Amino acid sequence: MSNSKEQLKHIIETLQKQQESYNLEFKEAKSSLPSAFWETYSSFANTAGGHILLGIRENPWEISGVKNPDKILKDLCNTANNKSMVSYNLLDNQNMQVHELDGKKIISVYIPELPDNKKPLYLKGNPLNAYIRINEGDYKISENDLKRFMRNGQPDQDSDLLDDYILEDLDMDSVLSFKNILHARHPSKNYLAMDNLDFLQTIGAYQIDRRGGSRELKMTVACLLFFGKYNAIRQKFPHFHLEYLNHRNCQGKERWSDRVCTGDLEYAELNIFSFFQLLREKLRATINDKFELDQNSERKSSAELQEALREALANMLIHADYADGETDIKVTVEDLYYTFTNPGKMLVTASQFFMGGVSHPRNNTLITFFRQMGISDRAGTGGSTLLNFAKLNKFRAPEIETDLKHTVLKLWIAAPLDSHPEFDDNEQQIYKFLHSSKHGGSVAELEEATGLTKYQVRKILSQFIEQGIVTQTGRARATRYYCTPSIIERADIADKFRRTMLYQPEEK
């Protein structure tokens, strides 16, 4: 059976390399499709894609096989093309393969992720009969989830025009401060000579309503969010909440050393602009110029960290789903990292975000305001700025987690070896060895290097693999363990590949 497992593992690794998908589900299907197949089909399409392997029983683990793979493939195609059963067909001949293990047939089915403007993929003609993948389970979506899918499929809603909002709903201190920033950047535009309404129209905060022929000048949603008074914003977005928590240097029972929060009388009229301006200064104050020394023991400039924090802050505010009521917009400061949390799924993949060059903002008018300030000048470069900051300072790579409800960005200011204070001494030894070794390590090598027993080494390696810290390659005695490549290392590999292709001499 162990040989069967190794063969199956090889098939899985091959499939995942071909499709760059890591969601996986085993289902038993001796002579017909299991009833839960289409729930997983829907959840993979609505989440991040994945593979379903038919003909494998998990409890107890066994390759049961499928008796009539041709019939099952035909049933798959017929149902996938039946609009009354499945809203989209994502299958083709390349996505369905038959494999043989121990004389038994299994079927692999790859379900790609559906584009955001087509989600959710639902079943039996009911949009609420759709599923999402959470950990290893398929869960039916809620009405709020369906609304999130709808908003994700139609970004740029911050350009919508508001019927019942007037100039008095805006915080004029914010408008005047923004006007001064733009005047300083472009004095020839003579922004200071404009009255407030002309200025707001010039920057796109107010626009002409061309529906119905009235041609009335109206406030955009972005204008309200960016410049609005707190109570006016809350009438349109009841769950609007901005928060900053500094957890460093807390004493006694203190939960934070500094806090900014909407609704606090000290910050009575917080909007996106005033929050951004306030947090730029507070985040700058958290930077200790001695936070890192270079190889020559010379102090590094804090300007790189300032730029990275500014980009992360702007990214959080630009891509937030302000209509979502379940996740707050929050910045936290910890000893070794910063976190930036916003409601809403990121509309590009993590690799696209960090590699740069791909821009799919949720709020196009908001991003225009930031660019007018000189923030996020180039589209799709915020993530690459964070990645370059980590590379230059040899810090642990930034991390991003995103799902239908929220996005969390973590920006580290610690080297990889210093970023796991939760490790005990034995775990630190193994992690340090693997991190410093280009060729990874075997169990025997780790035993010799650390003085730990085989049992201790295997137990820690198993824990690291489960946490995604370590990956395993090879089989039996050839098994080796490596630190899982960070986004920085994967980016370097991609860069080298691109350079190789770019400078490859032309064939004569």
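Predicted model: local features only at pLDDT ≥ 70, side-chain atom pairs only at ≥ 80, totals over all residues.
Residues are numbered from 1 along each chain as its sequence is written.

Two packed helices are described by the angle between their axes and the distance between the axes. Axes are lines fitted to C-alpha atoms, for helices over the stretch in contact, with angles from 0 to 180 degrees between N-to-C directions. Helices (H or I, at least four residues) and strands (E, at least two) are DSSP runs, numbered from the N terminus.

Helix α5 (residues 172-185) packs on helix α9 (residues 272-285) at about 60 degrees, and their axes lie 9 Å apart. The pair is therefore oblique; angles under 35 degrees count as roughly parallel, over 145 as roughly antiparallel, 65 to 115 as roughly perpendicular and the rest as oblique. From α5, residues S174, S177, F178 and I181 meet F273, S274 and Q277 of α9 (contact means heavy atoms within 4.5 Å). This contact of α5 with α9 holds three nonpolar, four polar and no charged residues. Here Ala, Val, Leu, Ile, Met, Phe, Trp, Tyr, Cys and Pro count as nonpolar, Asp, Glu, Lys and Arg as charged, and the others, Gly among them, as polar.

Helix α5 also packs on helix α12 (residues 364-372), at about 55 degrees with axes 10 Å apart. α5 and α12 are therefore oblique to each other. F178, L182 and R185 of α5 meet F369, R371 and Q372 of α12. By class, this contact of α5 with α12 has three nonpolar, one polar and two charged residues.

The axes of helix α14 (residues 425-436) and helix α16 (residues 454-467) come within 10 Å and cross at roughly 70 degrees. α14 and α16 are therefore roughly perpendicular. N426, E427, I430, Y431 and L434 of α14 meet Q456, V457, I460, L461, Q463 and F464 of α16. Seven nonpolar, three polar and one charged residue make up the contact of α14 with α16.

Two backbone features lie in loops. Most residues other than glycine have a negative phi, and most peptide bonds are trans. The peptide bond from K119 to P120 is cis, with omega near 0 degrees. P120 sits in the loop between β6 (104-111) and β7 (122-123). K124, not a glycine, has a positive phi of about 55 degrees. The loop between β7 and β8 (126-134) contains K124.

Terms used. Heavy atoms only, no water.
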